[in-house]
Amino acid sequence: MDCGTSMVKYILFVFNTIVSIIGILGIVYGVLILQSIGTIEVNGQVGFPPQAALPIIMITLGSIVVFISFLGCCGAIRESVCMTMSYAVCLLVLLILQLTVVVLLFTNKDKLDNAMGEVIDKVWDNRETREGGVFDAIQKSLHCCGRMGPQDYVGSVLTSGLPSSCCDGSCVNPLNIYGGCREKFVDLMSGSSEKAKYVGIGLIVVELVGFIFACCLANNVRNYKRRNGY
């Protein structure tokens with residue numbers, strides 16, 4: 001094996017080790033965020049609130065990155081053309097998916113904000129979810145009140161006043177009453193999507209570098225084996 005191929009091999013191994021560590025840190029960070037968000041309980045059933053979607057995506061993405069990086073490490077150390085090319089293909093697929101998501105986030109911000117707002121609208125408009133305590137659980141999780149604000153409860157046939165989840169302490173003091181859930185949820189998800197765009201760009205660059213090194217290593221190993229086969 002020539003010096004250049006050996007160098008690419010060890011660079012790819014170190015690269016994937018670092019990426020694996022980043023993936024593990026992403027999983028840990030996602031778990032910590034998920035724990036801070038907590039769960040909501042409705043009619044005895046426990047689940048995650050809507051804002052838990054992003055940390056769950058982060059944990060899933062981190063797990064995929066760790067798996068792909070492990071495949072790349074094994075392919076580099078064993079000098080396996082099959083494993084290295086499988087790693088390169090997985091990286092390329094992941095890269096294309098992330099590029100698509102980043103482009104959509106940049107070009108469809110208003111649509112994304114509307115979609116996030118509709119999540120709250122649908123929960124509020126559904127009588128069963130309101131009476132069943134789903135919206136009350138969302139209010140506790142997001143520290144908000146009503147769809148657009150506490151005025152949504154004025155004249156409501158479902159309640160004679162503001163629920164305790166609408167306020168930070170006593171609802172008698174107007175300063176303790178939270179704002180609307182729709183705006184708060186949209187702001188939360190919009191801020192998270194802004195961060196996700198730039199994190200996604202960083203990941204795309206890193207994955208592109210890994211893809212190039214993997215293709216170089218696989219090509220060099222294949223040529224080396226062909227030369228020594230004669």
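**Helices and disulfides in a predicted model**

Q: Which helix does Phe135 lie in?
A: This is a predicted model, where local features need pLDDT of at least 70, side-chain atom pairs count only at pLDDT 80 or more, and totals for chains, interfaces and linings use all residues. Residues are numbered from 1 along each chain as its sequence is written, while side-chain values use heavy atoms, leaving out hydrogens and water. Helices (H or I, at least four residues) and strands (E, at least two) are DSSP runs, numbered from the N terminus. The run of residues 134-142 takes in Phe135, and that's helix H6.

Q: How do the axes of H4 and H7 sit: parallel, antiparallel, perpendicular or oblique?
A: Axes are lines fitted to C-alpha atoms, for helices over the stretch in contact, with angles from 0 to 180 degrees between N-to-C directions. Those of H4 (residues 109-125) and H7 (residues 181-227) come within 9 Å and cross at roughly 140°. Under 35 degrees is roughly parallel, over 145 roughly antiparallel, 65 to 115 roughly perpendicular and the rest oblique. So H4 is, relative to H7, oblique.

Q: How many disulfides turn up in the whole structure?
A: A disulfide here is a pair of cysteine sulfur atoms within 2.5 Å. Cys144 pairs with Cys181, Cys145 with Cys166, and Cys167 with Cys171. Searching the whole structure gives a count of three.

Q: How many residues apart in sequence are the parts that Cys144 and Cys181 tie together?
A: The sulfurs of Cys144 and Cys181 sit 1.9 Å apart, in a disulfide. Cys144 is in the loop between H6 and H7 and Cys181 is in helix H7, so the separation in sequence is 37 residues.

Q: Which handedness does the link of Cys145 and Cys166 have?
A: The two sulfur atoms are 2.1 Å apart. With 80° about the S-S bond, the link of Cys145 and Cys166 is right-handed.

Q: What pairing do the bonded cysteines follow?
A: Number the bonded cysteines of the protein in sequence order. The pairing then reads 1-6, 2-3, 4-5.
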